[in-house]
Amino acid sequence: MNNFSSIDTMIIVAMIALYIIGTSWLTLKLRSKTNDQFMTAARALPPVVVGVLLMTEFIGAKSTVGTAQEAFSNGIAAGWSVIGASIGFVLFGLFFVRKIYNSGEYTISAAINKKYGKSTMIAVSLIMIYALFLVNVGNYISGAAALATVLKLDQPVAMALIGVVSTFYFACGGLKGVAYVTLLHSAFKIVGIGLILGFALTMTGGIRPMVDNLPDFYFTWDGKIGFTTIFAWIIGTTGAIFSTQFIIQAISSNRTANGARRSTIIAAVFCLPIGMALGLIGVCARYLFPTMKSLYALPVFLQHMPTLLAGFVATSLFASVFVSCSTVALAIASLIIRDFYEPYCNPTPERKFKMTRMVSIAIGLAPLVCVFLVPEILKLSFFTRAIRLSISVVAMVGFYLPFFNSTRGATLGLLGSAVATTLWYAYDNPFGIDNMYIALVTPMVVMIIERVAVTPFMPETVKPVVPPSA
């Protein structure tokens, strides 16, 4: 094991610091100067840039560390947690992208408002903010685990560092700045994952020794995870893609609807090999360090690398953390400004842009209050996807089943699903039923009950009689 000396640690810190300085300068150079650029990059991004943005939303710090953590305990099948995003992006491109893009809206709640009305819009917005806040809690915790391993920092200090730097990126750059800086972040991240995998396989002597010595389930398609959980992952990830605010926001930044569809295919292509690589990294860690805490299944390899290589990989993990935290926080800020501040305050463009920046700073630092929360990262990740899945169900019903377009039914379905899914997660999935299925079924059940049992007995609205003109 490579126990870094103080000089080694200084070299790694210097590499990370130079990267932060360089990308900060680039963020300032590309920063958003109007609210339109901040929210949608003025609808001027090419499909490849948007495709990378979409990919990073589902392969961030939480997914990379969390997938390896799950594979450490349950086998290479944990890679389905990311591979499911490939399936989801293809379906999203086929069935939903054009409808969202042509709606002209950049928030999922505003698009749903056109189908159900204001009360449902507010419910969607609040539920999405709740889910995305928990997403960023997971991002901060998983990112801090990686950084603390390399830099020998306390986890609260590592989280504070993540919070300050990522907040600067998105609060200054907005979507326009984040989009292009994310290309650099993503390049570092992909190369970093490749280096970790290559180094891990070198340490294990390849795949064969692991196959010979680990329990058989480590190399089966479903591992100890099982079909029902994997299927729930795919459903949840697909549902989250259909409804997650930043996905909708990124899609809206394309120049055309056709470009928006192409960007989803690009994202799907990126996700497939990365999911497989992360699952294999977790299995390698289990083979080499069987008594280690599973949370460190990915970052542990950094301590066994030469200093310069470890510094590069640490920088790539830092990049992954920044991307994840920045895009999620940007999405939360967009919901607050678009759905609450703008309608009620009717600000001037200049005042709205100033408030957007102020709200962004608060959102970026808010997850630090959860510094001592250390959940199982992948379980938290899929719980937040379950919450967003309920929004997808309501959105798809609104676009494809207008018979169930009751505002009351949609709002009650969303709120009921949020409460039921949260309780199911809190009680650790009773009866072996994953909370993803609760999120999938609850909104539709409530909407059907409301339509069949309540709506027929409600008095119809009487339209006023307009006298004929003279």
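Predicted model: local features only at pLDDT ≥ 70, side-chain atom pairs only at ≥ 80, totals over all residues.
Local features need pLDDT of at least 70, side-chain atom pairs count only at pLDDT 80 or more, and totals for chains, interfaces and linings use all residues. Residues are numbered from 1 along each chain as its sequence is written, and side-chain values use heavy atoms, with hydrogens and water left out.

Two packed helices are described by the angle between their axes and the distance between the axes. Helices here are DSSP runs (H or I, at least four residues), numbered from the N terminus. Axes are lines fitted to C-alpha atoms over the stretch in contact, with angles from 0 to 180 degrees between N-to-C directions.

Helix H9 spans residues 155–204, and helix H3 spans residues 47–58. Their axes come within 9 Å and cross at roughly 70°. That angle makes H3 roughly perpendicular to H9 (65 to 115 degrees; under 35 counts as roughly parallel, over 145 as roughly antiparallel, and the rest as oblique). The crossing is left-handed (the near helix is turned anticlockwise from the far one by less than a right angle; clockwise is right-handed). Contact means heavy atoms within 4.5 Å. On the H3 side, Val49, Val52, Leu53, Met55 and Thr56 take part. Their partners in H9 include Leu175, Val178, Tyr180, Leu183, Lys189 and Ile190. By class, this contact has 10 nonpolar, 3 polar and 1 charged residues. Ala, Val, Leu, Ile, Met, Phe, Trp, Tyr, Cys and Pro count as nonpolar, Asp, Glu, Lys and Arg as charged, and the others, Gly among them, as polar.

Helix H1 (residues 6–29) also meets H9. The two axes come within 8 Å and cross at roughly 115°. H1 and H9 are therefore roughly perpendicular to each other. Their crossing is right-handed. Tyr19, Ile20, Thr23, Ser24, Leu26, Thr27 and Leu28 form the H1 side of the contact. Among the H9 residues that they meet are Phe168, Tyr169, Cys172, His185 and Phe188. The contact holds 11 nonpolar and 5 polar residues, and no charged ones.

H3 also crosses helix H13 (residues 257–288), with axes that come within 7 Å at an angle of roughly 45°. That makes H3 oblique to H13. This crossing is right-handed. The H3 residues include Pro47, Val48, Gly51 and Leu54. In H13, Arg262, Ile266, Phe270 and Ile274 are among the residues met. The contact divides into 11 nonpolar, 4 polar and 1 charged.

The largest pocket has a volume of about 470 Å³. A pocket, on a 1 Å grid over the protein atoms alone and with a 1.4 Å probe, is an open set of points with protein on both sides within 12 Å along at least five of seven lines; lining residues have an atom within 4 Å of a point. Points are joined across faces, edges and corners, and the volume is the space filled by probe spheres set on them. Of the 20 lining residues, Thr229, Trp233, Lys379, Asn429 and Asp434 are the closest to the centre. Helices H4 (61–74), H11 (227–243), H16 (377–400) and H18 (435–454) each give two or more residues. H16 supplies the largest share, 4 residues. The lining has 8 nonpolar, 6 polar and 6 charged residues.

The second largest pocket has a volume of about 190 Å³. Its lining includes Ile87, Leu91, Phe242, Met396 and Leu440. H5 (80–95), H11 and H16 each supply at least two residues. H11 gives the most, with 5. The lining has 9 nonpolar, 3 polar and no charged residues.
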